[in-house]
Amino acid sequence: MTEQTTQKPQADKPASAPKKDTTALVRATLARRYAAEKRFRIYGIVAIAASLSFLAVLLVSIFIKGWPAFTHTFVKLNVTLDADTLDIGPNPSSAELRAANFASVIKKSMREKFPDVKKRKEKKALYSLISTGGEYQLHDMIKADPSLVGKTIDVWLPADDELAAVIKSGADLSKPENIVTRMNEQQLGFAKILKEAGDTKTGFNKTFFTAGDSREPEQAGIRAALVGSALTLLVTFLLSFPIAVAAAIYLEEFAPQNRWTDLVEVNINNLAAVPSIVFGLLGLAVFINYFHLPRSAPIVGGIVLSLMTLPTIIIASRAALKAVPPSIREAGRGLGASDQQVVWHHVLPLAMPGILTGTIIGLAQALGETAPLLMIGMVAFIVDIPGGFTDAATVLPVQVFLWADSPERGFVEKTSAAIMVLLAFLILMNAVAVLLRKKFERRW
Amino acid sequence: MNDSHQDVFDNIKGTVGDVTVDNPKMRLSNVDVFYGEKQAIFDVSLDIANNEVIAMIGPSGCGKSTFLRCLNRMNDTIPTCKVTGEMSLDGEDLYGPNLDTVLLRARVGMVFQKPNPFAKSIYDNVAYGPRIHGLASNRAELDEIVVGSLQKAGLYDEVKDRLDAPGTSLSGGQQQRLCIARTIAVSPEVILMDEPCSALDPIATAKIEELIDELRQNYAIAIVTHSMQQAARVSQRTAYFHLGKLVEVGSTNHIFTNPSHELTENYITGRFG
Amino acid sequence: MDKLHLDQHISQQFNNELEDIRNKVLAMGGLVEQQVSKGLTALLELDADLGNEVSTADFEVNKLEVEIDEECIQILARRQPAASDLRLIVTVIKVITDLERIGDEAEKMGRFSAELTETGQVVNYRKELRHLGELVKSMLRDALDAFARLDVDAAIKTAARDNDINTEYESLSRLLATHLMEDPRNVSMLLKITWCARALERIGDHSVNICEYVVYLVKGRDIRHISFDQIQSEFLSKP
């Protein structure tokens, strides 16, 4: 009896005790829990702030470096388009005009501007202040208006990249020791005179968007790479989107579940992880060496990039199809729609936003890809703007790579500018994707 | 299945009550359903009668939904699912050459547990079935079908001003009535309902139940429900499934006042079983 | 009530409620039985005190009826009972109505016995009344017993005994009618005795009702207004 009475409270205690203490216990842990939550929130904010600041540093440095590339410095010269100096006859043919000696005209006007310069070395230093692009400009002017021959006109000619860099930097030319440049003291002197005379101006660099690549930074443009990228991506999209969506629909909606489809699935997933340069090697071996497709062409680049993009789009599309509620399929079937009708009428429209997102991710990846394109020769120095899918071309990231590799000071800003163009291209693509998604998206 | 389940299972010998009716709309005899190796339905025979609501009740996993889905071959999409037994609609073999699944599902419509309108307008939701089956030859006919179906589903007055609004913009109960309207639009002969009110509030449920009672005049209706009260309210006959077997069939009045089988009794009175 | 498995609901609360109702009905049955017994004793022994006690104790029966009714309504509203549970509740509602009427009859007997004590002439019919009373008492007891044990066989057999009561009542009432004609001075007294006999007969009828409810509760079939032979062939378990 005594045993029972002593045991009873013990047996009862566990049942009633926690109830009493719950409030106190919970209260004791509350502060700790909230602190942990707060800490975690701070970690998150710090992480986001860190990544944002990295991004900001990157973007700012690119912008600061690249911004000057969109402008260029011009020098005003009083040029006498003397037929003799140009070494052309009256009514020159275009061949004659191309061979005309515009350089001497420019040199002459330079000499007139700086009559004190006599020494040969000094002259050379003086002449190098004007870009060779100036000759092309004069050529284009005369070609457009042959009556200019024999007249004396004021023209703004593009400055050499070193001069342009110094002028654009806004450096104080009276203190040449502070200026980092490859120009010598004498050239800086000329620059100072030109600037003070108001014979220099800085304006929008049209060349950058209209010209192809060049050895001369001030003449190098992004257009060839831009068009090349657009063509390559078009090929990539046209090939990968229909194939990937068709593959995803088949695998997700129609394929029987067996060892073969499992194998296909595993391989698709593996394919997404294959290093892109392998696709380049494949393209080189199969499309160029075996099928003899043209080297450096957008068509080959596009095919290679589609190979790389396919698994990404397939995986994203399958995920999008899987996310369509099964009740929709049942509803369709319950009404007597065939499997195909269910997919085309109901599943695909609902999956379309997801599929488009996957496609854009894949294409953005393709847009930024360099390695496979190097393998198929799209790294070549391409001056001409490609006119079709089989013309030799280069693409934006490769252009960035090429320019980054060039020693001239002018290419530093060009590199950053090319990156800016690449980013703009990407943002444009994403904007299109968002718009398309908005259009297709339906509230569910 | 543990031992006690096995005992219960072994003790269900055949079905109590008369599984047949005169002039059945659908007749199912000795139906077995397998999912791969696992048997889900054991030798179930049941008639579905015209102008009658038959309720199928039973605990979760008793096979009532599986059985319902056999009636319009919705199980066909599950590759491992195998159905044996004789099943007929108006005497036509459900698995025979003359009854393609598309045709069958046009004749045997289905309403699902969760309201699942298509991501289309209210009008297009209802018009979808008639469109794919070519039931209307011109726009005026289609309009007539859509309006008629919405009226029969008791939804027309609520949505007549916004037929272009997305079907998903409706409330849960309205969505389910839209789904019923969509099913009616194909003019089926049998309507299968798989727990049509389980996601709805009591008022929406009451409206659907009222609708079911009205639809009974023109269709044969089979409804699976978890709510015994609902089965009692809407059905004329009730079938009780347990562990894949059809334990008892009888008039709803009989089942709910004096069921013959102990398992039925246990289930509808909420006893351990 | 083990046959109904009232303790096997998944809801323990429901089990308790049904158990509570069942206990109250049995208590009410016991109380009513006691009332009838006391009323009969008061009548036979011409015990005015006992008679008054019976007629005042009737309120307890009424109170129980109201209580049980209330609980049944609550169960109907909140549990929506089906099948055997539904039949139990319906049966209980009907049984307590009959029990209450039986209580009223007992009260009537008590009241009349108190009045009869003043005239003291019941003596002449004591034998017949006792006989009728014993039959009725045992029938009521057996009916309540059948209800408590859900014994269909006992219920049917008990119900069959109502014929004996009716026969007994008829012979008594014939006797009373004869005496009434012979000696009109005793009209008032004889009428009271007739009413008491009538009360006993009514208790028998109510007991039959209870027996019929027991069959409905267990078998789910309403046997009211069905011939006794049919009932016997259908429901009596074959030996």
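Two residues are in contact if their C-beta atoms, placed from the backbone, lie within 7 Å. The model is predicted: local features need pLDDT of at least 70, side-chain atom pairs count only at pLDDT 80 or more, and totals for chains, interfaces and linings use all residues. Residues are numbered from 1 along each chain as its sequence is written, while chains are lettered from A and ligands numbered from 1 in the order in which they are written.

**Exercise 1. Describe the side of chain B that touches chain A.**

Step 1. The contact joins 21 residues of chain B to 19 residues of chain A.

Step 2. Assign secondary structure from DSSP runs, numbered from the N terminus, with helices (H or I) of at least four residues and strands (E) of at least two. On this side of chain B, α3 (101-107), β6 (108-111) and α4 (122-133) each supply at least two residues. The most comes from α4(B), with 4 residues.

Step 3. Classify the residues: Ala, Val, Leu, Ile, Met, Phe, Trp, Tyr, Cys and Pro are nonpolar, Asp, Glu, Lys and Arg charged, and the others, Gly among them, polar. The side of chain B then divides into 12 nonpolar, 6 polar and 3 charged residues.

Step 4. Chains A and C have no contact, and their closest C-alpha atoms are 20 Å apart.

**Exercise 2. Determine how spread out chain A is.**

Step 1. Chain A contains 18 helices and 3 strands.

Step 2. Take the radius of gyration over C-alpha atoms, and the globule rule as 2.2 Å times the number of residues to the power 0.38. For the 444 residues of chain A the rule gives 22 Å, and the radius of gyration is 34 Å, well over that value, so the chain is more spread out than a compact globule.

Step 3. The C-alpha trace of chain A spans about 130 × 60 × 40 Å along its principal axes.

**Exercise 3. Characterise helix α12 (residues 276-290) of chain A.**

Step 1. The expected span is 1.5 Å times one less than the number of residues. With 15 residues, α12(A) reaches 20 Å from its first C-alpha to its last, close to the expected 21 Å.

Step 2. A bend is the angle between axes fitted to the seven residues ending at a residue and the seven starting there. In α12(A) a kink of about 30 degrees is centred on Gly283(A).

Step 3. Call a residue buried if 20 or more other C-beta atoms lie within 10 Å of its own. In α12(A) these are Phe279(A), Gly280(A), Gly283(A) and Phe287(A), and they pack against α13 (298-323) and α16 (371-375) of chain A.

Terms used. Buried ≥ 20, exposed ≤ 12 C-beta atoms within 10 Å, placed from the backbone.
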